[in-house]
Structure formats: structure tokens, C-alpha cells
Amino acid sequence: MRGRQLGESLRKCSRNSLYDEGKQVHGAVFRIGYESDLMINNDLIEMYRKCRRVEKAHKVFDIMPERNVVSWSGLMCGYLQSGNAKASLLLYKEMGLSDVRPNDYILSTNVKACALLSALHSGKQIHAVCSKTGFRRYPVVGNSIVDMYFKCGRIEEAEQVFEEMPIRSLITWNAMIAGYASLLESTSCNKSLHFVKKMQGSGETPDEYTFSSSLKACSILGAIREGRQVHAFLMRQGVYLISTHKILSGALVDFYAQCGCLFEARAIFTQMERKSLISWTALMVGYARKGCLKDAITLFKHLMRSNIPLDSFVLSSITSAFADLSMVELGKQIHSHIIKNPSNSNTSVENSILNMYLKCGLTEEARKVFRKMRAKNVVSYTVMITGYGENGFGKEAVRLFEEMEVENIEPNSVTYLALLSACSHSGLVDESRDFFSRLCNDRRVKPSVEHYACMADVLGRVGRLEEAKELIEKMPLRANVVIWQTLLNGCRLHKNVVMGRQVGDVLLKLDGENLVNYVLISNMLSDNGFWRESERLREVVKGKGLKKEVGCSW
């Protein structure tokens with residue numbers, strides 16, 4: 001067996017994921033004396049990567065006397081596919097010390113790694129390399145950069161990269177459409193649907209990924225009519241057999257379930273000959289959100305009894321639903337399944353497990369999971385900080401934030417908000433002031449009204465009402481109703497009626513049709529014995545015909 005035959009055998013093992021046969025060929029490589037051959041070693045790395053044995057691929061890589069761009073890219077891709085994005089980035093840094101220069105595939109792979117880790121700083125550095133080398137103009141690189149910025153919450157940067165791309169493929173448009181939809185906000189979801197029309201105007205034909213993102217945007221907007229139009233369009237195009245289109249069927253079931261149309265969701269689900277994991281999850285989560293817990297549990301048990309392998313997306317989605325409903329026992333069943341089947345887990349799943357335990361008040365279980373995580377990202381730390389704060393462990397939240405900085409994981413705006421909230425609930429005033437000052441001096445994150453409201457809450461809770469009022473009046477952003485309501489709560493807590501009246505006047509000028517404002521002011525007055533003023537406010541409410549909105553379960 002010579003070099004050509006060895007290469008062909010290894011490529012055959014790669015195509016068919018034949019791990020045992022591949023090991024035998026690897027043994028032949030040593031026996032015949034081809035262990036120093038560059039092409040053979042690259043084929044070995046590829047074979048082990050395709051067989052999901054990235055640690056074996058790395059051993060081959062380590063003893064290679066010579067490496068080229070294929071050697072580096074194969075191993076990086078292996079780590080990324082196995083869910084270890086951090087290892088891919090470490091290899092990229094190591095490659096920078098070698099004589100081999102990255103190509104478009106390596107740059108694209110590591111931009112994706114940055115997206116998975118929310119590593120904005122590293123992503124920007126690779127973006128700069130792409131700009132200097134000209135690879136930024138390659139569609140595969142540009143598409144990855146757009147996706148990375150969306151996943152890191154940098155929408156303006158994503159839009160700028162999109163506008164500067166000389167060639168826009170269907171994948172490029174889909175990255176923008178999916179990116180806007182993933183933000184889960186009405187404004188961004190409207191942009192997502194606008195980009196669908198814009199894409200069609202450019203001559204591109206939407207595919208199943210386009211429609212899937214469109215349906216997601218419709219579900220967030222509660223746009224049932226528009227979502228049904230998408231469904232009808234698909235039917236007109238001949239997509240009658242929904243069961244043959246797993247992505248579309250899952251998107252349709254999710255759309256109808258999110259909008260509370262469980263009859264339609266169940267009808268599509270039932271018609272599917274081969275039910276996808278996405279469809280199982282969408283319907284299960286839909287039942288849970290609607291409050292149909294028995295149906296959700298029954299469906300979950302059917303799924304567990306089926307022969308369908310549970311992937312990370314499904315486990316993460318189901319766990320998140322159980323966390324929202326504090327269904328800890330079912331959440332523990334999923335955790336047990338993950339322990340027994342670690343290949344089904346990734347950082348996203350582990351983050352969902354953390355969130356589930358913390359929302360159920362089981363902080364010690366969450367801490368154990370967190371410490372055992374191999375790859376933590378900004379979401380992992382933010383979830384833990386949020387959970388510690390909600391459960392009254394403010395000092396633990398502070399310690400975790402400091403640990404996060406040591407690990408070079410950049411906090412985002414949500415992390416800062418969680419930290420300030422944790423300090424507020426635990427009365428850590430000095431720590432709050434320190435972290436708020438850091439936020440204001442952090443060039444990567446801009447403080448929002450929510451951050452100022454959190455700081456005002458910290459000061460209000462300890463009676464520093466003048467300081468809180470000054471903070472609101474001097475902040476560079478326009479104060480909204482919520483931040484003044486926060487200060488009013490502080491006035492009520494510390495019986496400062498004089499300031500409470502002033503804040504109340506501001507609230508009624510900002511939104512005189514908001515019943516909540518009248519209730520807060522009235523409660524503040526009645527708590528301090530000003531019954532007549534409180535009653536007069538209630539009469540004003542009756543005169544205006546203001547009523548509390550009726551709640552619903554979804």
C-alpha cells in the first residue's frame with residue numbers, strides 16, 4: 001500500500017465515518033513509513049475529524065514535522081464542530097506565530113467561533129485581519145462576520161458589513177433576516193420581514209431558511225395574518241407534504257404554537273409522517289406557555305420513549321421552558337439524560353440547565369453545573385450572576401463578575417444590568433457605584449436607561465433619594481416612566497412625601513393615561529396618612545375611565 005492508496009483509503013473512511021478502519025490505515029501509515037508525509041497527515045486529521053475524534057486529530061497534528069493551511073483548518077473545524085470554539089481560537093492564535101497565513105476558510109471558521117462564544121473583541125480582531133488581507137470581500141467570510149456581529153448584539157456593525165459586501169448571496173440575505181429575527185424585538189422583527197421583501201426585489205428567491213426566519217419574526221410580532229400568508233404561499237408553491245420539509249414544518253408548528261393557535265400547531269404536527277425534533281420541541285414549549293402542562297408533560301414523555309436522539313437545540317429549548325414554569329423535576333430528568341449522553345450537550349444546553357436550577361431556587365446545583373462546564377461564555381456568567389442576584393447572593397454575583405474579567409470574557413449590557421440588580425437586592429451600594437462607574441467608562445458597552453434605573457433603585461433602597469434624583473436628572477439619556485417609577489418607590493419606602501409629590505407630577509406629565517402611575521402615587525400618599533389626596537387621585541382615575549388590563553396566560 002503506497003501513498004496514493006493510503007490517501008484514498010483515509011478519504012473513504014472520512015466519507016463514511018469508518019473510525020475502526022481508519023485506525024487500521026493509520027497503523028499502516030507508520031508501518032510503511034509515511035508518518036512524515038504532509039498530505040497523508042492532513043488526510044488523517046480529516047478522517048479523525050469526520051469520525052468525531054478531534055483529540056486523535058490533535059495528536060496527529062502535534063507530531064507533524066510540516067504543516068500547511070489545510071492542517072490548521074482541519075483541526076480548527078474539528079474543534080468547532082465538537083462544540084469547543086475556544087480551542088479553535090487558541091489554535092488560531094498559535095497559528096499566528098507560525099509561517100502559515102490564514103485563508104478565507106480559517107478566518108470564517110474562527111469568526112463563527114467568536115460568534116458562539118460572544119467573543120466580540122476577538123471577532124473584531126479577526127475582522128480587522130480580513131479587512132487588511134482583502135478576505136472581507138469573500139462571501140463566506142462576510143456572511144460569518146455579519147452573523148458574528150448579530151450574535152454579539154452589534155447590529156450597526158452587522159448592517160455596515162452587509163452594506164459594504166460587493167457580492168450578496170442568498171446566505172448573506174438569510175444571515176440578515178435571521179439576525180434581525182433572533183433579536184426577538186418588534187422593531188428588529190419588522191426589519192427582518194422588510195429584508196425578505198428587499199431580498200426578493202434584488203432577484204433572490206427565498207428558500208426554507210428564509211421562510212423559517214420569516215415565520216419566527218411573525219411569531220414574535222404576533223402577526224398571525226402574515227404568518228398564515230407565508231403558510232398559504234408555501235402551499236401554493238406545492239409544498240403540500242410538510243413532513244418532507246423538517247425546517248419548514250418546525251417553523252410552522254412553532255409559529256402557530258407561539259401565537260397560541262395550538263389547534264393548527266397540533267394539526268400540522270399530527271400530519272407529519274416523520275416528526276422532526278424541532279416540531280416536537282415547538283409544540284411542547286407551546287403547550288407549556290399556554291399553561292397546558294399535562295399536554296406538555298405527556299408529549300415530553302412520548303419523546304423520551306421514542307427512538308429519536310435528542311440534540312442540543314431540543315434539550316436547551318425544553319429546559320428553558322421548564323425553567324420558566326419552575327418544573328424542576330422534569331428539568332432534572334433532562335439533566336440526568338445529558339450526564340448519561342454528554343455528546344448531546346454543549347454550552348447552550350448547560351446554560352439552560354443553569355437557568356432552570358436558578359429559577360427554581362436551587363443555587364447549589366447550579367453552581368456545581370457551572371464549575372464543571374468546559375466552555376463558559378458571557379451567557380453562562382450572565383445567567384449565574386442573574387440567578388445569584390435573584391436569590392439574594394449579591395456578593396457571589398460580584399465575585400463571579402470579577403472572575404469573568406480574569407477569564408477575559410467581555411461583559412455585555414445584560415451582564416452589567418444583572419450585576420447592578422444583584423447589588424441592589426443585596427444592598428451593596430459601594431459595589432454598585434463602582435461597577436456603574438466601570439460601565440460608564442467601558443467603551444464597548446453603552447449604559448442604557450435600564451442601567452440608570454437599576455442604579456437609582458440601589459440608591460432609593462438605602463434612602464439616598466436626592467442622589468438618585470440627581471442621577472436621573474443629569475443622565476445623558478431621556479428619562480422614561482420606569483426610572484421615575486423606581487424613584488417613586490424609593491420615596492414611598494422612606495416616606496419622603498415631598499419628593500414623592502414632585503416625582504408624581506413628572507410621571508403624570510410623561511404619561512397621564514397610565515393607571516400604574518396613579519396607583520403608585522395614591523399608595524405613597526395613603527401609606528403616609530394623606531387619605532384625602534389619595535382618594536382624589538382615585539376619583540381622577542374613575543373620571544378618566546382608566547382600567548387595569550386583563551391578564552392572560554400567554
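This report describes selected helices, helix pairs and loop residues of a predicted model.

## Basis

The model is predicted, so local features need pLDDT of at least 70 and side-chain atom pairs count only at pLDDT 80 or more, while totals for chains, interfaces and linings use all residues. Residues are numbered from 1 along each chain as its sequence is written, and side-chain values use heavy atoms, with hydrogens and water left out.

Helices are DSSP runs (H or I, at least four residues), numbered from the N terminus. Axes are lines fitted to C-alpha atoms, for helices over the stretch in contact, and angles run from 0 to 180 degrees between N-to-C directions.

## Helix α3

Helix α3 covers residues 38–50. At 1.5 Å a residue its 13 residues should span 18 Å (the expected span is 1.5 Å times one less than the number of residues). The end C-alpha atoms of α3 are 18 Å apart, which agrees.

Of the 13 residues in α3, 10 are buried (under 20% relative accessible area, with exposed over 50% and partly exposed in between; 1.4 Å probe, protein chains only). The buried residues include Leu38, Ile40, Asn41, Asn42 and Asp43, as well as Tyr48 and Arg49. Their cover includes α1 (3–16), α2 (19–32), α4 (54–62) and α5 (69–81).

Buried residues of α11 include Thr172, Trp173, Asn174, Gly179 and Tyr180. What covers the buried residues of α11 includes α9 (139–151), α10 (155–164), α12 and α13 (208–221).

The axes of α11 (residues 170–182) and α12 (residues 186–201) come within 7 Å and cross at roughly 160°. That makes α11 roughly antiparallel to α12 (angles over 145 degrees). The crossing of α11 past α12 is left-handed, a term used if the near helix is turned anticlockwise from the far one by less than a right angle. In the contact (heavy atoms within 4.5 Å), Leu170, Trp173, Met176, Ile177, Tyr180 and Ala181 of α11 meet Ser188, Cys189, Lys191, Ser192, Phe195, Val196, Lys198 and Met199 of α12. By class, the residues of this contact are 10 nonpolar, two polar and two charged (Ala, Val, Leu, Ile, Met, Phe, Trp, Tyr, Cys and Pro count as nonpolar, Asp, Glu, Lys and Arg as charged, and the others, Gly among them, as polar).

Leu184 is in the loop between α11 and α12. Leu184 has a positive phi of about 60° although it is not a glycine.

## Helices α7 and α8

Helix α7 (residues 104–117) packs against helix α8 (residues 120–133) at an angle of about 160°, with the axes 9 Å apart. The two helices are therefore roughly antiparallel to each other, and α7 passes α8 in a left-handed crossing. Leu107, Asn110, Val111 and Cys114 of α7 make the contact with Ser122, Gly123, Ile126, Val129, Cys130 and Thr133 of α8. This contact of α7 with α8 has six nonpolar, four polar and no charged residues.

## Two further loop residues

Asn412 is found in the loop between α24 (394–406) and α25 (413–425). Its relative accessible area of 29% makes Asn412 partly exposed. Not counting residues up to four places away in sequence, Asn412 touches Val378, Thr382 and Val445. Asn412 and Leu439 are 27 residues apart in sequence, and their C-alpha atoms are 9.6 Å apart in space.

Lys495 lies in the loop between α29 (481–493) and α30 (497–510). Phi of Lys495 is near 55°, a positive value in a residue other than glycine. Lys495 counts as exposed, at 53% relative accessibility.

How values were computed. Parallel < 35°, antiparallel > 145°, perpendicular 65-115°, else oblique.
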